[in-house]
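Here are some notes for a colleague who is opening this entry for the first time. They go from the whole chain to one strand and then to one residue.

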Amino acid sequence: MITGFVGTYLSPRSKGLYRFQFDEQNLHFLEKQLFFEAEDVKYVSYMDGMLAFPCRRDQAQLICIQDQLVHAKESFEQDVAVYVVQDQQYIYTVNYHDGVLIRYEKADLKIDKKVFIQEEAGCHQVLLTKDRIIVPCRLLDALYIYDRRDLTLVQILNFPVGSGPRHGAVTADENTIYVISENTSELFLIHNEPTMKIVKQLTLSVKGRQWGGAAIRLSRDERFLYLSLRGSNQVAVVDTSKWQVIQRMDSHGDHPRDAALSPDEQYVFVINRTCGTMAVFSRNAENGRLQDLNREITIEQGVSIVFAEKEAFK
């Protein structure tokens with residue numbers, strides 16, 4: 001049984017954070033449940049039994065849930081943070097409009113450090129490496145790279161003007177970073193040697209069409225990337241060694257926002273925000289290709305998918 005959580009934007013039919021299960025034996029979704037009611041949950045992080053997510057309950061907050069205990073921290077931001085990730089000691093958030101990176105102490109949710117990047121920077125993700133924190137800033141066409149210890153700025157990696165870098169994925173040795181651009185739907189390969197440098201680009205769109213890039217996920221063997229393309233309502237599979245798209249799959253809906261590999265990597269789940277559907281595809285680990293299972297569940301305004309142990313939060 002696969003257990004997952006979906007963060008959602010505010011709408012009349014979405015109420016917050018949803019929990020779902022997928023029966024692998026019978027290949028069908030079990031009924032979803034509203035797990036936590038709040039506005040604009042957006043992205044969600046799960047680690048070692050703790051869920052963390054930004055939301056709005058009268059004001060912008062960071063929520064952490066562990067052992068069914070809810071802990072809340074006022075974020076003092078005008079807008080709800082767009083992304084969250086955690087490590088053993090800290091929780092990190094970035095804000096798309098306020099343009100800030102915040103690091104919270106995990107033990108008490110006290111703000112440890114707050115870095116102002118730029119108002120309306122379009123900060124969209126926090127990527128953690130051993131020594132660096134990487135923040136793709138869509139509206140600045142750049143990655144802002146910070147020292148992980150003290151959050152001092154160590155590099156700004158500029159992208160082509162108007163490309164809009166959105167999300168990235170890092171290899172295990174941290175020597176290679178893949179980034180998808182939202183505005184131009186391109187895939188960028190970056191080497192870390194020791195400063196970061198763009199060395200390759202791959203167009204994901206076809207002539208005459210700009211397909212809005214969204215999510216990017218790297219398989220554990222680092223042979224394949226899975227990317228959601230909103231304008232075309234597709235999931236693209238990229239072979240990293242061949243540096244080419246080897247498959248495109250219909251996302252079963254409109255505006256796919258996240259495409260997430262299941263913990264065992266046998267499946268890829270795709271959430272379509274505008275039409276409110278989530279679909280699942282089986283995955284061939286040898287060739288990376290997906291097979292349509294024609295299985296869907298309705299979750300309105302879905303933005304992000306994370307997975308947890310099936311016993312979590314019963």
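1. Helices (H or I, at least four residues) and strands (E, at least two) are DSSP runs, numbered from the N terminus. On that basis the chain has zero helices and 29 strands. This is a predicted model, in which local features need pLDDT of at least 70 and side-chain atom pairs count only at pLDDT 80 or more, while totals for chains, interfaces and linings use all residues. Residues are numbered from 1 along each chain as its sequence is written, and side-chain values use heavy atoms, with hydrogens and water left out.

2. Along the principal axes, the C-alpha atoms fill a box of roughly 45 × 45 × 35 Å. Of the 314 residues, 60% count as buried, where buried means under 20% relative accessible area, exposed over 50%, and partly exposed in between (1.4 Å probe, protein chains only).

3. Strand β26, residues 267–272, is mostly covered, since six of its six residues are buried. In a regular strand the side chains alternate between the two faces of the sheet. Both faces of β26 are covered, with Tyr267, Phe269 and Ile271 buried on one side and Val268, Val270 and Asn272 buried on the other.

4. Two strands pair if DSSP finds at least two bridges between them. Strand β25 (residues 256–261) pairs with β26 in the antiparallel sense over five bridges, and β26 pairs with strand β27 (residues 277–283), also antiparallel, over six bridges. The hairpin of β25 and β26 has five residues between the strands, and Glu265 there takes a positive phi near 60°; in the hairpin of β26 and β27, with four residues between the strands, Gly276 takes a positive phi near 75°.

5. Which residues surround Asn272, leaving aside its neighbours within four places in sequence? Asn272 is in contact (heavy atoms within 4.5 Å) with Ser251, His252, Gly253, Asp254, His255, Pro256 and Thr277. Pro256 stands opposite Asn272, and Thr277 is the bridge partner of Asn272 in β27. The side chain of Asn272 reaches the backbone oxygen of Ser251 at 2.8 Å, and Asn272 counts as buried because its relative accessible area is 0%.

Conventions
A polar contact is a pair of N or O atoms within 3.5 Å; within protein, one must be able to donate a hydrogen and the other to accept it, and residues adjacent in sequence count only if both atoms are side-chain atoms.
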